[in-house]
Amino acid sequence: MHTPDHRRRRAALLLALAGFVSTAALASTEAAWQAFRDDVEAGCRAAADDDGFEVETITVDPFGSQHYGLARLTGRAPGTDRRQQRLCAYDKQTKVAEVGTAMAIDDPSAAGRAAGP
């Protein structure tokens, strides 16, 4: 027969195990998301380098969309001192990154279009 003290110890042990399992799952999930972000950054940097775009900064969307990792790249195109931004889409299935065309950072008309109505 189980004593009340035994039941309390068992409940405490189960509670501790549940906390350990959920912490381990959370840590592996965060590690997986960080690996994903690292892959997006590396893929987008390589795609931009292929286009000759000199990347200064990359801002990776922490989770992306359902199918794509997304990033904003800021830098300079070859032969120009003008800073530009490019968007990058990283296909989660194929692991291939594509970089869009350059968008001027200081173009007020482009900013208005990007902001929407």
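A: Happy to. A disulfide here is a pair of cysteine sulfur atoms within 2.5 Å. Bear in mind that this is a predicted model, where local features need pLDDT of at least 70, side-chain atom pairs count only at pLDDT 80 or more, and totals for chains, interfaces and linings use all residues. Residues are numbered from 1 along each chain as its sequence is written, and side-chain values use heavy atoms, with hydrogens and water left out.

Q: Good to know. How many disulfides does that rule give?

A: The count comes to one. Cys44 and Cys88 form it, with their sulfur atoms 2.0 Å apart. The angle about the S-S bond is -85 degrees, making the link left-handed.

Q: And which parts does the pair tie together?

A: Cys44 lies in helix H1 and Cys88 in strand E3, so the pair ties together parts that are 44 residues apart in sequence. Helices (H or I, at least four residues) and strands (E, at least two) are DSSP runs, numbered from the N terminus.

Q: Are Cys44 and Cys88 buried or exposed?

A: Both are buried. Buried means under 20% relative accessible area, exposed over 50%, and partly exposed in between, using a 1.4 Å probe and protein chains only.

Q: What does Cys44 touch, leaving out residues up to four places away in sequence?

A: Cys44 touches Ala71, Leu73, Cys88, Ala97 and Val99. Contact means heavy atoms within 4.5 Å.

Q: Which residues of the largest nonpolar core touch the most other members?

A: Val40, Cys44, Ala71, Leu73 and Cys88 do, in a core of 15 residues. Such a core is a set of buried Ala, Val, Leu, Ile, Met, Phe, Trp, Tyr and Cys residues joined through side-chain atoms within 4.5 Å. Two or more residues each come from H1 (4-50), E1 (54-60), E2 (68-76), E3 (83-91) and E4 (97-99). H1 gives the largest share, five residues.

Q: Switching topic: how many aromatic pairs are there?

A: The whole structure has two. Rings of Phe, Tyr and Trp (its six-membered ring) pair if their centres lie within 6.5 Å; planes under 30 degrees apart count as stacked, over 60 as edge-to-face and the rest as tilted. Trp33 and Phe36 have ring centres 5.6 Å apart and planes at 85 degrees, so that pair is edge-to-face. Both lie in H1, three residues apart, about one turn of the helix.

Q: What about Trp33 and Phe63?

A: Their centres are 4.8 Å apart and their planes at 90 degrees, so this pair is edge-to-face. Phe63 sits in the loop between E1 and E2 and Trp33 in H1, so the pair ties together parts 30 residues apart in sequence. Ring pairs link Trp33, Phe36 and Phe63 into a cluster.
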